[in-house]
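Subject: Structure handover

Hello,

Here is the structure I said I would pass on. Please open it and keep it beside you while you read the notes below.

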Amino acid sequence: MSASRFRTLLASLVLIAAPVFAHAADIYGYVDAQGVAHFAAEKLDARYQLFFKGGQQFDTADGIAPLGIARAPKGADGGSVTPAAQTLLALFEASPNYKVAKAALRDAARTHSIDYELLQALVATESGFDAQAVSPKGALGLMQLMPGTAERYGVRGDKRKTQEAKLFDPRINITAGARYLDHLIELFEGQIELALAAYNAGEGAVQRAGNKIPNYRETQNYVKTVLQLYAYLKPGMTTGHGQAPGRVRMEIAAPRAAAEGIDTAPPATE
């Protein structure tokens with residue numbers, strides 16, 4: 001699909017889906033010249049247009065679309081598909097990179113008992129399903145792994161292929177990225193918002209913030225974006241044992257005084 005047709009699809013789907021979620025957070029997006037979709041919880045620059053309209057609350061107890069349980073039983077059914085989910089899935093399906101990534105995402109979700117939709121939302125936010133994506137800080141591939149993080153999870157260069165080339169392989173990238181996310185979910189005892197904050201800013205930053213989302217605008221925006229895309233893709237998910245959808249809150253650490261000599265810039269981990 002051409003970039004122009006992709007933009008037309010984006011615009012038409014926004015008109016259909018925007019009125020549906022009056023209590024959800026705003027999501028902005030645009031499609032670049034390569035057909036890659038970019039998402040954010042705020043208008044980062046002039047390219048970003050309103051994708052889904054919502055309110056400013058980000059506590060599932062206050063009316064946001066239910067965010068579900070980050071860890072689902074293996075083989076759990078996601079249930080009905082909402083109009084917003086259809087919108088996102090149409091965008092994903094329009095990307096050739098998404099078709100390549102789907103099987104790897106399914107396998108990673110089963111292996112680590114992480115919702116497939118959560119992995120979808122994370123990859124959409126990180127790279128827009130661009131397998132060749134490189135961030136200004138040097139994060140690579142679909143799940144935007146830093147070389148050091150990738151090495152922790154077994155992705156190293158060898159005589160046949162460099163580490164960079166391996167990280168551009170969707171299956172290798174997703175396998176390593178899902179292992180890292182799995183570790184973070186365990187580390188933060190299932191608090192998905194903290195696991196996502198750590199994926200973006202580093203686990204040390206979350207711990208230094210008192211196990212709250214660090215007071216970095218980039219990280220706050222990132223967590224909101226992933227959680228909202230996840231909510232659109234999988235609203236009302238239960239554990240399969242009669243439990244209500246899990247509550248997820250954006251609890252942000254208060255700024256600490258500059259007089260304490262603390263650097264408030266996010267660490268270059270992503």
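The crossing of helix 7 and helix 8 is right-handed, a term used when the near helix is turned clockwise from the far one by less than a right angle. Helices here are DSSP runs of H or I with at least four residues, numbered from the N terminus.

This is a predicted model, in which local features need pLDDT of at least 70 and side-chain atom pairs count only at pLDDT 80 or more, while totals for chains, interfaces and linings use all residues. Residues are numbered from 1 along each chain as its sequence is written, and side-chain values use heavy atoms, with hydrogens and water left out.

Helix 7 covers residues 170-187 and helix 8 covers residues 192-201; they pack at an angle of about 130°, with their axes 8 Å apart. Therefore helix 7 is oblique to helix 8. (Angles under 35 degrees count as roughly parallel, over 145 as roughly antiparallel, 65 to 115 as roughly perpendicular and the rest as oblique; axes are lines fitted to C-alpha atoms over the stretch in contact, and angles run from 0 to 180 degrees between N-to-C directions.)

On the helix 7 side, the contact (heavy atoms within 4.5 Å) is made by G177, Y180, L181, L184 and I185. Helix 8 supplies I192, A195, L196, A198 and Y199. Nine of the contact residues are nonpolar, one is polar and none is charged. (Ala, Val, Leu, Ile, Met, Phe, Trp, Tyr, Cys and Pro count as nonpolar, Asp, Glu, Lys and Arg as charged, and the others, Gly among them, as polar.)

Among the buried residues of helix 7 are P170, N173, D182 and L184. Buried means under 20% relative accessible area, exposed over 50%, and partly exposed in between, with a 1.4 Å probe and protein chains only. The buried residues of helix 7 pack against several helices, including helix 3 (96-112) and helix 9 (203-208).

Two loop residues come next. Most residues other than glycine have a negative phi. F129, in the loop between helix 4 and helix 5, has a positive phi near 65°. F129 counts as buried because its relative accessibility is 2%. E189 sits in the loop between helix 7 and helix 8, with a positive phi near 55°. E189 is exposed, at a relative accessible area of 71%.

Last, P147 lies in helix 5 and is partly exposed, at 30%. Leaving aside residues up to four places away in sequence, P147 touches G138 and Q163.

Regards
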